[in-house]
Structure formats: C-alpha cells, structure tokens
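The report below goes through one protein model, beginning with a single side-chain pair and ending with the chain as a whole. Please keep the sequence and the structure in view while reading.

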Amino acid sequence: MNSHLKKMLCVASIVVAACAPALAGNYKNFKVSTYIRAQDVARMADDRFLNETWQTVSTQVDLDKIYLETHRDAFTVDEQTMKKVKAFFISKGLEVGGGITYTRSEPTDFETYSYARENERQTVREVAEYTARLFDDFILDDFFFIDLKNDDEIAAMELSGKGWTEYRLRLMADAGRDLVLNPAKRVNPKVKVIIKYPNWYDHFQGLGFNLEEEPQYFDGIWTGTETRDPASAQHLQNYLSYNIVRYFDNIAPGRNGGGWVDAGGINMSMDRYAEQLHLTMLSKTPEIILWNYMQLAEVKINRDMMRRVWQDVGGNSFCYDEMVKPFTRDGKTVTPTTMARFASVTLRETDRLVGKLGNPIGLVSYKPYHSSGEEFLQNYLGMIGLPMDMHPQWMEGRRQILLTEQAAMDPQIVEKIKQQLRGGGDVIITTGLLKAIRDKLSVVCEFYCGDLKAIVNDFGWAGKSSREFIIPQVKYFTNDAWEVVSAGRPLMGGVSGYPILLRDTYSKGTLFVLTIPDDFGNLYDYPAGALNIIRRAMSKDVGAYIEGPSKVALFPYDNRTMVVENFNDEAVSLRVVVNAKVPSLRNLLTDEQLKPAELNQGRSMPYRSRFMGYADEATVFDLELPAHSYIGLGY
C-alpha cells in the first residue's frame, strides 16, 4: 500500500471515529435499531398492543434505539400518543428518535407532496417543526423526493427553464433546507436532522435526491441497503447491501449513520435476509435499522418458505435449524416465532467478526454526482469478485481506477485518464464508456465500440460458459492493442473472436477495456478462468484476489484482513491469492491457520505471461465455502 493511501485511510478512520455515534452496549461494534411507522405508533395508544408487540420483539432481538414516526401518508400521530410511546420505550432502556415520511399516499405509486404548491409546502414545514419539538434527532424516510408531474409542477418546471432532472434537483435541495432543516432548528436548536437515502442511487437525480448538496447541510445521512430479491422490480444485486454504504461514506465521510434493511427477500430464504444484514455491517457502518418494528413482531417463521435445500448439507454461516431452536434468555425458555430471531443471530455472529476488520478498501470507481449510464454495474462487478470502492470525486494516488459510462459526465475525463496513465497507473474503462467517449479518447487509444454485437460462449483457454449471450464488439488496430481474454462461438477452432479484456499502453501506464455484456447478469456466465484473469489484472490496490466461479465476493480491509462470501446455492472451491509472501492465512473467528497450496505452474504464452499464472511474490491458498456462507481471513 502506498504512503499516500495509508495517510488517507488514517485520516478517514480518525474522522469516522470522531463522528460515529456512541454504542449503546448490546453489541460491541455497532448499534441495532428499529423504526415504527406513524400508523403503528398510533395503534400503541392501546396498552395491550404496545406491551404484546414489545414482548414479542424484545425476547428475540436486543435493540439499542427506536425511531418513532410522526407522519406518513398525510397522517400525523397526535402528541399525547407520541409522548406516551416515547416514554414507554425510554423506560425499556432504549434511545428514542423520531421519523418522518413525506408521502401523501404510499400505496398510490409512492405519491409524494407537491413542492410547487404552497399549502403542501406549509404541511411539510409544520410536520418538521412538530417532530423537532418531540425529538432531538429524526430521520426522513426515503421519500423526500418528488415523483409528481401535476399541472403546478409542470408550470414551475417550465418557468425554471430547466428539464425535469435539473428542476427537481434544485427544488428538493432548497426544500430540504428551507422547509425541513431550518424550521426544525428554529423550534429545537439542538435537533439533528438526518436524511435517509434509498437503494436506487443511480436514479436519484431524476426524482430530486441531491447527493451533491443535501449531505452538506443535513446533520447526517442514512443508507438503504435493502437488496431483497434481485428478480423483483429494482433488480438490485446482493453486493449493493455493502457497496452503497461505502459510496455514501465517500460522499459524506464520517456522517453516514448506518444501513437500513427490511424483510423483502425473506421469501427467497432466511439466508437472503441474513445476507443483507451481514453485508450492511461488513461496510463497518456504526448502526443498522431493522425495518420495521411490526415486521419484527409479525413476520412469522415459515420453514417451507425460509429454509432451503442447501441447509441440508450443513456448515453454512447462517444455520436455519439453529436459529429456530428454543433458547434460554433471562432464565426462561424462548421459542422463536418471528424473523426477529434471524436478525438477532445474524447480527451477533457478524459482531464477532467486524471488530477484527480494518477500514474497507477496494478498486476505486469514479462516479460523478448525478451521473447515469451502465446503472448499478459496480454491484454486478462486486458479485464476480471485484471489490468496489465508489467515489463521487476523481481520486489521486491510486494505482488503478475503474471508469464506467457514468464517468462520461465529467467533461475533463480524458485529461484525467491521461494524467493517471502518465503517472504509471492503470485505467480500466468499460465498453459503455468507450462507446460514449470514443472520439475524445482517440488521443489516448484508437478503439471503437459501436452497435455491432457478437454471440459468445467459448473463452478458449479460459473456459466455456454454460450458455450463449450477447456482447458488444470492440475493434482495435492489430499490434497496437492486445487481447488478454477473448471469446467467440466457438473461439477454439472457430470462426472469429472478440475482446473480453483488452489492453493498450500510453506513456507509463496501461489502459484496459472490459467488455460488459448487454445483460449485466451475463457477467456471472463468464467462466472462472476468464474471471480469474480479470481479477488478477485489477488487484493492484487491494493486495489480494480470489480465483473461482462468479457470485463470490471479496471484501478487503486495510489491516491485511478480508472476508470472502459465497452467494451461490451450492458449495464452491476457491483460491485466495495474496500479492505477497505470507506464511499462512488465519481464520478470524476460529484462529485456524491455512497453509499455502502447493503449486505446479504451467507454461504461459509469452505475451500473456503477466496475466497468466502467479507472480513470484504471490502466495496461494485453497479453501471450500458452503452455499451462502462466508469466511473472515487475516494474513
């Protein structure tokens, strides 16, 4: 690790330590909280309902804090009930904060307030003032955006002379300050107002979430880490539960308060819910909110829905059978009944691990504010074993930088690429970015990626995929650039092939082009041999990489530790390659020592030798990971 990077990480750790909230004591490395919607807070005027739900939740999971919502769907809880419920939870030893959801009708396509209408702006202001009188901190649930195109909004947008995105970004940045933060602080000068951002970050700008301005004036931000079922409408990949926290950390260093996970995806299995919690905390965030209190109380354990066949094999990190067994608490036997038990066991196990991990690191990916293009791609790359570290600003002093189509928004991007290469660093660009800036990039390399496609399934010496899929064709001048990984249909003995990983040199650096399939999910179809080469080529700032199939992620940290996690429905055989000579790898939870593998390196083709086989200073370790399981390692 270079000295510049070490210095940056040291400063970041000091900032986070200074700004992170104090832990309440139930867990060693983070707080666990929950949130109660306004309509459910109102129901707690009934003592029986209040006590019975608390009994169900508190016997199965330890909570440090609870957030009580004052307003949702044009409904505001009366002050008497709010004070009663607040006092109840304080009496149970919990910290209590507030919450607001600025919606008129959540069931009606998440209908928000109309910020072009003065009467609705007044409602927003009054709710903020009311909440600030009751609490010293409150969170805006993730609906502080605008999704309306009524006549008033259309007129205001046209008057602004801007398009919808620019209009909404300005509208909501001003509304947050003028209608929420400032009114709240006039009522309660010590109140902390936190904005929670949802998981669909690549589309924020279109609905007015302003990641460039809002984190600068709100007292803190919060992160939605719900990935649920990737087949559902948002199509968010598992890795996002970690990656989005890291991105928001880099937007607001030391001011990103925590992650937020709901029960979505539990229909896929208990493991899918547990993974969301676990990945959120691998980001080293200081708090997690279990959305929401009534889910913890009412989502029942269902063996048919929540237990999957891979649990029969055993050895899983998240063991369904152990979680549902009766356990002893305060001298009494408790039989688990709801998902609260899954949350408790998962977070207790994760708490044992995260205290041994340093600050997260990864391959830097530059995503300018309000940018779009190849949306959410970094999460797919994380799922093929490339650890991501997304930043809204260009990062200096890195040996490698990944640029997707999002980087095309920066008008100086080609000059920044040249600067990185002249300094001896690598730049990895995707085919989406190549297509977007081809003419500008020609002063660095003369590549072309247009509308031509290829159907491939054969990666030659790097293996075959289980199915055919479509990739864009990248064209280049022979002997000016070189294919590191290629694919065709077939490639070996076939008709033609196309670059999957292409390299060229400029000054002291190397520029790579990584081919992204038309369907990002086809990255998971790249054979292990191809993925291994890609990971090896992109591990310079990480210190280690993995070899094996897709849907296995690597989470590296700056104290020579890492977590490797398998998201497949079956066990996988892996190799962990450390880019240094080390005597062993240590299991962080068991202290078991893993010895290096005995290698028999074959001969490589000369012009590919730097990407095939292992470097002389590398140390290789073999390991097996059960389905939906992880291992923490140190060296």
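## A polar contact at Gln406

The side chains of Gln406 and Asp202 are joined by a polar contact of 3.0 Å, where a polar contact is a pair of N or O atoms within 3.5 Å and, within protein, one atom must be able to donate a hydrogen and the other to accept it, residues adjacent in sequence counting only if both atoms are side-chain atoms. This is a predicted model, in which local features need pLDDT of at least 70 and side-chain atom pairs count only at pLDDT 80 or more, whereas totals for chains, interfaces and linings use all residues. Residues are numbered from 1 along each chain as its sequence is written, and side-chain values use heavy atoms, with hydrogens and water left out.

Gln406 lies in the loop between strand 16 (400-403) and helix 16 (413-422); helices (H or I, at least four residues) and strands (E, at least two) are DSSP runs, numbered from the N terminus. Gln406 counts as buried because its relative accessible area is 0%, the classes being buried under 20%, exposed over 50% and partly exposed in between, with a 1.4 Å probe and protein chains only. Leaving aside neighbours within four places in sequence, the residues in contact with Gln406 (heavy atoms within 4.5 Å) include Asp202, Lys367, Pro368, Gly373 and Phe376. Ser365 is 41 residues from Gln406 in sequence, and their C-alpha atoms are 9.8 Å apart in space.

## Backbone geometry in loops

Phe376, one of the residues in contact with Gln406, has a phi near 65°, a positive value in a residue other than glycine. Phe376 is placed in the loop between strand 14 (363-366) and helix 15 (377-383), and Phe376 is buried, with a relative accessible area of 9%. Lys551 also has a positive phi, near 60°, and is found in the loop between strand 23 (544-547) and strand 24 (552-556); with a relative accessible area of 31%, Lys551 is partly exposed.

Which residues does a cis peptide bond with an omega of about -20° join? They are Trp291 and Asn292, and Asn292 belongs to the loop between strand 11 (287-290) and helix 11 (293-298). A cis peptide bond, with omega about -10°, also joins Arg489 and Pro490, and Pro490 sits in the loop between strand 20 (482-488) and strand 21 (497-506).

## A covered strand and its partner

Strand 29 (residues 619-625) is mostly covered, 5 of its 7 residues being buried. Strand 26 (residues 572-578) runs antiparallel to strand 29 and is joined to it by 7 bridges, pairing being assigned if DSSP finds at least two bridges between two strands. Leu574 stands opposite Leu623 in strand 29.

## The chain as a whole

The protein chain has 18 helices and 30 strands, and 59% of its 635 residues count as buried. Along the principal axes, the C-alpha atoms fill a box of roughly 80 × 65 × 45 Å.

Among contacts with a separation of 6 or more, 75% are between residues 24 or more positions apart. The protein chain exposes about 24600 Å², of which carbon and sulfur atoms supply 49%, with accessible areas taken from the Shrake-Rupley method with a 1.4 Å probe.
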